[in-house]
Amino acid sequence: MTLRLHYHPLSSFCWKALIALYETGVPFEPVLVDFGNDAAREAFYALWPVGQFPVIEDTARDHFVPESSIIIEYLDRHYPGPARLVPADPDRARQARMHDRFFDLHVHQHMQKIVGDRIRPEGSKDPFGVGNAKQRMTTALGLVENTIGDSGWAMGEDFTMPDIAAAPALFYSDKIVPLAKDFPKTAAYLERLKARPSFARVLAEAEPYFKMFPGG
């Protein structure tokens with residue numbers, strides 16, 4: 001097996017890599033990184049000193065690929081599945097990358113700021129930062145609500161990279177700011193994502209770890 005994925009099943013950015021792998025159907029070896037285990041943590045930091053997953057090792061091509069969006073592009077180019085995750089047309093590809101960045105930077109990262117603050121020890125919480133993150137995330141969700149269709153995917157009929165980015169971002173955001181009340185179209189889009197076989201599989205594999213999610 002040439003592909004090895006270093007990940008954790010609860011990690012939202014790892015979900016992006018997993019969805020892409022399941023969409024392409026390429027075989028891979030999952031390597032679960034448990035930061036609570038000294039040996040596993042040290043082995044991962046030796047591989048990738050930045051210490052963030054997901055990371056893919058491609059032994060056949062002697063490539064090391066970190067960062068979830070880059071992993072999606074790498075798989076789409078070198079291990080393509082039945083449908084392209086990044087559109088072949090350059091303009092649509094640019095739009096796909098823009099939407100991917102939008103979900104990561106304007107929804108996903110603000111959501112992580114809020115969740116991360118929940119596990120900070122008393123005395124080191126950041127209520128101002130959390131308030132700012134929630135406001136900015138809510139603004140971004142409003143933009144999604146105004147642009148997402150009543151059916152289909154982020155860029156129309158084809159499931160592509162922005163949908164992969166939206167899946168974990170919206171799933172966890174829904175636990176912080178329940179979407180159905182103020183963002184019904186976005187909530188319906190999340191339900192379509194959850195029904196997608198690749199994401200449904202990711203959620204099923206993550207379910208035993210949901211008890212580790214801090215609140216919400």
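User: Which residues touch the most other members of the largest nonpolar core?
Analyst: Trp15, Leu75, Phe103, Leu170, Leu193 and Phe199, out of 65 residues in that core. A nonpolar core here is a set of buried Ala, Val, Leu, Ile, Met, Phe, Trp, Tyr and Cys residues joined through side-chain atoms within 4.5 Å. Buried means under 20% relative accessible area, exposed over 50%, and partly exposed in between, with a 1.4 Å probe and protein chains only.

User: Which helix gives the most to this core?
Analyst: H6, with ten residues. Helices (H or I, at least four residues) and strands (E, at least two) are DSSP runs, numbered from the N terminus.

User: What kind of model is this?
Analyst: This is a predicted model: local features need pLDDT of at least 70, side-chain atom pairs count only at pLDDT 80 or more, and totals for chains, interfaces and linings use all residues. Residues are numbered from 1 along each chain as its sequence is written, and side-chain values use heavy atoms, with hydrogens and water left out.

User: New topic. What is the strand order in the sheet?
Analyst: S2-S1-S3-S4. The sheet is open, and its pairing is mixed. Two strands pair if DSSP finds at least two bridges between them.

User: Which strands are at the edges?
Analyst: S2 and S4, each pairing on one side only. On average, neighbouring strands of the sheet are turned by 20 degrees against each other, direction ignored.

User: And what packs on the sheet?
Analyst: H1 does, touching S1 and S3. Its direction makes about 150 degrees with that of S1. Axes are lines fitted to C-alpha atoms, for helices over the stretch in contact, and angles run from 0 to 180 degrees between N-to-C directions.

User: Do S1 and S2 run parallel or antiparallel?
Analyst: Parallel, joined by four bridges. Tyrosine 7 has leucine 32 as its bridge partner in S2.

User: How many bridges pair S1 with S3?
Analyst: Four, in the antiparallel sense. Arginine 4 has glutamate 57 of S3 as its bridge partner.

User: What is the partner of glutamate 57 in S4?
Analyst: Phenylalanine 64. S3 and S4 run antiparallel and are joined by four bridges. Their hairpin has four residues between the strands, and aspartate 62 takes a positive phi near 55 degrees there.

User: Switching to serine 12. Where is serine 12 found?
Analyst: In helix H1.

User: Why does serine 12 count as buried?
Analyst: Because its relative accessibility is 6%.

User: Which side chains make polar contacts with the side chain of serine 12?
Analyst: Histidine 108, at 2.7 Å, and glutamine 112, at 3.2 Å. A polar contact is a pair of N or O atoms within 3.5 Å; within protein, one must be able to donate a hydrogen and the other to accept it, and residues adjacent in sequence count only if both atoms are side-chain atoms.

User: Last one. Which residues of H3 are buried?
Analyst: Ser68, Ser69, Ile71, Ile72, Tyr74, Leu75 and Asp76. What covers them includes S1, H1, S3, S4, H4 and H6.

Conventions: Contact means heavy atoms within 4.5 Å.
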